[in-house]
Amino acid sequence: PLSDLLADDDAGDPIALAVSSFQLESVVHFRPHIAVFLNVDEAHLDRHRSIAEYVRIKSRIFMNQRPDDVLILPFDDSRLRRLARKHQGRTFFVSGRQAVDSGAWLADGRLWLNGDGPTECVGRVDPTFPEDVLAAALTARLCGLSPSDIAKALPTRSAQGSSA
C-alpha cells in the first residue's frame with residue numbers, strides 16, 4: 001500500500017499515482033505537487049449522474065494545491081481548460097492540435113515542450129493517446145528530466161508494434 005511507502009524513512013522519491021474520481025470523492029488533505037487532469041468522458045455517469053458533476057469531483061485533485069504546485073490540463077477540451085481560472089498554482093496545458101504558451105504539444109509529428117524555460121523539441125512521436133504522452137513528458141520535464149531522456153521513452157509506431 002502507498003501508506004507503507006510514505007512511512008518508509010527513504011520516501012523522498014517522487015511517486016506517480018493514478019487517482020480515480022471515486023477516490024477523489026472523499027479526499028480531504030490530498031495535495032499532489034503536480035496534478036494531471038485528463039480524460040473526461042461518459043464512462044462513470046452511472047455514478048456521477050452528469051458530466052458537470054464528474055468534472056466537479058475530478059477537480060478535487062487540485063483543491064489543496066498551493067501557488068508552487070502545478071496543474072496540467074488538456075487545452076483542446078474547453079470544459080477542462082476553464083478550470084485554470086480556479087487553480088491557484090501554475091497551470092500548464094497539453095494539446096494534440098496546436099501550440100500552447102506553457103505546456104506540451106504535437107506539431108508535424110514532434111513533441112514540443114515549453115515548461116519553465118525555452119521551447120524545446122523533444123523528438124518524433126506517434127502516440128495512440130496524445131494527451132497522455134504529452135502530460136507524461138511535461139511532468140517528466142517539470143521534475144527535471146532532460147529532453148533527451150524523455151525522448152528515449154517516446155512511443156513511435158515501430159516501437160508500439162514490437163514486443164518488450
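**View 1. K152 and D149 form a salt bridge in this predicted model.** The closest N and O atoms of K152 and D149 are 3.5 Å apart. A salt bridge is a side-chain nitrogen of Lys or Arg within 4 Å of a carboxyl oxygen of Asp or Glu. K152 is exposed, at a relative accessible area of 69%. D149 is partly exposed, at 39%. Buried means under 20% relative accessible area, exposed means over 50%, and partly exposed lies in between (1.4 Å probe, protein chains only). By the salt-bridge rule, the count comes to six.

Residues are numbered from 1 along each chain as its sequence is written, and side-chain values use heavy atoms, with hydrogens and water left out. Because the model is predicted, local features need pLDDT of at least 70 and side-chain atom pairs count only at pLDDT 80 or more, while totals for chains, interfaces and linings use all residues.

**View 2. R31 pairs with D68 in a salt bridge.** Their closest N and O atoms are 3.8 Å apart. The pair links distant parts of the chain, 37 residues apart. R31 sits in the loop between α2 (21-24) and β1 (34-36). D68 sits in the loop between α4 (51-58) and β2 (70-74). Helices (H or I, at least four residues) and strands (E, at least two) are DSSP runs, numbered from the N terminus. R31 is partly exposed, with 31% relative accessibility. D68 is also partly exposed, and its relative accessible area is 48%. R31 and D68 belong to a salt-bridge network that includes D69.

**View 3. E120 and R141 join a strand to a helix.** The two residues form a salt bridge, with the closest N and O atoms 3.0 Å apart. E120 lies in strand β6 (residues 120-124) and R141 in helix α6 (residues 130-142), so the pair ties together parts that are 21 residues apart in sequence. E120 counts as buried, at 18% relative accessibility. R141 is partly exposed, at 26%.

**View 4. R81, R82, R85 and K86 form a positive surface patch.** Patches are made of residues with over 30% relative accessible area and no salt bridge; like charges are joined within 9 Å, and nonpolar side chains (Val, Leu, Ile, Met, Phe, Trp, Tyr) within 5 Å. Lys and Arg count as positive, Asp and Glu as negative; His and the chain ends are not counted. R82 lies in the loop between α5 (78-81) and β3 (90-95). R82 is partly exposed, with a relative accessible area of 43%.

**View 5. L45 is in helix α3 (residues 45-48).** L45 touches S50 and I51, leaving aside residues up to four places away in sequence. Contact means heavy atoms within 4.5 Å. L45 counts as partly exposed, at 25% relative accessibility.

View 6. Along the sequence, the pattern runs α-α-β-α-α-β-α-β-β-β-β-α-α-α. Of the 164 residues in the protein, 37% are buried. Among contacts with a separation of 6 or more, 47% come from residues 24 or more positions apart. The protein exposes about 9800 Å². Carbon and sulfur atoms supply 50% of that area. Accessible areas come from the Shrake-Rupley method with a 1.4 Å probe.

Note on methods:
Charge placed at Lys NZ, Arg CZ, Asp CG, Glu CD.
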